[in-house]
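I opened the model today to look up a few things. My notes follow in the order I took them.

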Amino acid sequence: MNPIDNDKLTPETTAMVKVWDWPVRVFHWTLVASVMGAYFTGESEDYERLHQTLGWVAAGLIAFRLVWGLIGTRYARFTEFVSGPAQVWAYVKSLRSDQPQHFVGHNPVGAVAVIVLMSLTVLSVYTGWLLTADDAAEWLEEAHEIAVNTLISLVVVHVIGVVWSSRTHGENLFKAMLNGRKAAPPEAGIHRNWGVLAWAMVLAVAWFVVLQLRG
Ligand code: HEM
């Protein structure tokens, strides 16, 4: 994972190129819907089944993303955005200069948030699943609540980070997560969008939810 040369970031040398393929974007917004849906259905017994179903959807999405992080398109790959503390620190330090490091995919700090968000989602689903046992220990309820509340707090930090980073780097990251495009040197773009795979994901999620809620 290397920052792009700031000299290559002029309007003359950049174009709107594809960075996030369809599966990454479908993963993100379906994860948002399932995590928020599970959060708002967690308190009422009337919605227990929906709550659990949304939890499984979130877990399934993370499982998919782990695989896509190994075999997906360039910026979806972990090797492209997971970095060590030295790289995170170098990025943070560069933010104080007038030429902050610029990354086409996730920046090193955003990448840490991404990994922690995914881990907390898994932890929330795992503690929730353990709670479904008849003889579940009482402390598990508290553990589930702590995991979920930490996750939601981090989502708030994540959204603030997205707004802040968009302003710092003069780009609209929210829009990029919708249309997949960012301003970058033309050769930096990905070549395949994997739309069919994204459709398969949507159908699999819809099919799973319907089956769970009907059964
Ligand atoms: C439950 C709430 C949310 C969760 C769990 C979540 C999780 C994630 C994850 C895991 C990624 C990495 C995507 C990937 O590489 O596949 C990501 C990226 C991103 N998220 Fe969220 N997100 C949430 C809410 C939001 C919201 C409300 C926004 C709207 C501003 C947002 C905007 C973004 C953007 C713009 C990126 C890409 C950041 C970049 O360009 O580096 N997220 N999010």
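I began with a helix pair: helix 2 and helix 8 are roughly antiparallel to each other, as the angle is over 145 degrees. The model is predicted, so I kept its limits in mind: local features need pLDDT of at least 70, side-chain atom pairs count only at pLDDT 80 or more, and totals for chains, interfaces and linings use all residues. Residues are numbered from 1 along each chain as its sequence is written.

Helix 2 spans residues 48-71, and I read a packing angle of about 155° with the axes 10 Å apart. Axes are lines fitted to C-alpha atoms over the stretch in contact, and angles run from 0 to 180 degrees between N-to-C directions. Helices are DSSP runs of H or I, at least four residues, and strands are runs of E, at least two, numbered from the N terminus.

Next I listed contacts (C-beta atoms, placed from the backbone, within 7 Å). Arg49, Leu50, Thr53, Val57 and Phe64 of helix 2 meet Met201, Val205, Phe208, Val209, Gln212 and Leu213 of helix 8.

Then I checked the ligand. I found 22 residues around it, with Val35, His106, Gly110, Leu173 and Met177 the closest. Here a residue counts if its C-beta atom, placed from the backbone, lies within 6 Å. Helix 1 (22-40), helix 5 (108-131), helix 6 (138-169) and helix 7 (173-179) each give at least two shell residues. The largest share, seven residues, is from helix 1.

Last, I looked at Trp194. It sits in the loop between strand 2 (181-184) and helix 8 (195-214).

Terms used. Parallel < 35°, antiparallel > 145°, perpendicular 65-115°, else oblique. Contact = placed C-beta atoms within 7 Å.
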